[in-house]
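Grab a pencil and take a look at the protein below. We'll work through a few exercises together, one step at a time.

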Amino acid sequence: MIYIKTPEEIELTRAACDLCSRTLGEVARLIAPGVTTRKLDDIAREFILDNGGKPACLGYHGFPGTLCIEVNDTVVHGFPSNYELREGDIVGTDCVVELNGFHGDSCYTFAVGEIDPKTERLLDITFESLYVGIEMAVAGNRVGDISNAVQRFCESNGYSVVREMCGHGIGREMHEDPEVPNYGRRGTGPVLQNGMLICIEPMINLGSRNIRIAQNGWECRTRDHKPSAHYEHTLLINNDEPEILTTFDYIESALGIA
């Protein structure tokens, strides 16, 4: 069931998205060699709680962290731990915030110091693919138009698209209909309508698209152990001008990106 949001519900989601974005901005300040992923998680949890929100991932079906931590070959759903970030790592931080009963969801993959040029290009292409998908998120298009745009862009640049994990609707629940895959055919899937809130989140691999799930049932890694990148925005379908409700501005400010 796809729920079209009221103006009031959209504003509540907008506030949750802002807190989610500001949380990742706080995390960005700590990205450096020697910092544990548990420290990143602690900072995110404290910031969300201090600002009246709830860390939606914490305890979700038993998940142990505020952030899904994605180091190097981890695609999604990695656990915070005592692992210390190293020069040359990449780390994705997927954050979901609940505020006043509504959710905001965003992810950013950080470079830790200087990284391999091939990995840096993977991050660049994955980042660009997010906005390629968003361009197709207009009323009257279908979900498959988003999916196909992301897939064609990434595969044409030599990267593979994870198929088992996907974007989704959002609102009162963290995950709502419709699913938003990163691959597919144009003209297929549900029609996008004004008032829909969705998350687009390309998960793109340097090597094969094949993944494996850890015995804990959560952590998803590339089967060939090559790096994977992940970026995500929450957005509103609004005629032919999709409105991005999360922002990377706080992250870019923390990192000193012009």
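This is a predicted model: local features need pLDDT of at least 70, side-chain atom pairs count only at pLDDT 80 or more; totals for chains, interfaces and linings use all residues.

Residues are numbered from 1 along each chain as its sequence is written, and side-chain values use heavy atoms, with hydrogens and water left out.

**Exercise 1. Work out how the rings of Phe-63 and Phe-79 pair up, and where the two residues lie.**

Step 1: Rings of Phe, Tyr and Trp (its six-membered ring) pair if their centres lie within 6.5 Å; planes under 30 degrees apart count as stacked, over 60 as edge-to-face and the rest as tilted. A search of the whole structure turns up 10 aromatic pairs.

Step 2: apply it. The ring centres of Phe-63 and Phe-79 are 5.5 Å apart and the planes sit at 85°, so this pair is edge-to-face.

Step 3: place the residues. Helices (H or I, at least four residues) and strands (E, at least two) are DSSP runs, numbered from the N terminus. Phe-63 is in the loop between strand 1 (54-55) and strand 2 (67-71), and Phe-79 is in the loop between strand 3 (74-76) and strand 4 (90-99), so the pair ties together parts 16 residues apart in sequence.

Step 4: check accessibility. Buried means under 20% relative accessible area, exposed over 50%, and partly exposed in between (1.4 Å probe, protein chains only). At 3%, Phe-63 is buried, whereas Phe-79, at 25%, is partly exposed.

**Exercise 2. Classify the ring pair of Phe-127 and Tyr-131.**

Step 1: the centres are 5.3 Å apart and the planes of Phe-127 and Tyr-131 are at 50°, so call this pair tilted.

Step 2: both residues belong to helix 3 (residues 117-135); being four residues apart, Phe-127 and Tyr-131 are separated by about one helical turn.

Step 3: Phe-127 is partly exposed at 23% relative accessibility, and Tyr-131 is partly exposed at 28%.

Step 4: look around. Ring pairs join Phe-127 and Tyr-131 with Tyr-108, Phe-110, Tyr-231 and Phe-248 in a cluster.

**Exercise 3. Which face of helix 2 is buried, and what covers the buried residues?**

Step 1: list them. Thr-37, Leu-40, Asp-41, Ile-43, Ala-44, Phe-47 and Ile-48 are buried in helix 2.

Step 2: look down the axis. The buried residues of helix 2 fall within an arc of 165° (taken from the directions from the helix axis to the C-beta atoms), so they line one face.

Step 3: find the cover. It includes helix 1, strand 1, strand 2 and strand 4.

Step 4: Gly-52 follows helix 2 and has a positive phi, near 85°.

**Exercise 4. Describe the largest nonpolar core and the contacts of Ile-31.**

Step 1: a nonpolar core is a set of buried Ala, Val, Leu, Ile, Met, Phe, Trp, Tyr and Cys residues joined through side-chain atoms within 4.5 Å.

Step 2: the largest one has 50 residues, and Ile-31, Leu-67, Val-91, Ile-198 and Ile-200 have the most contacts inside it. Helix 1 gives the most to this core, with six residues.

Step 3: contact means heavy atoms within 4.5 Å. Not counting residues up to four places away in sequence, Ile-31 touches Leu-40, Leu-85, Val-91, Phe-110, Ala-111 and Val-112.
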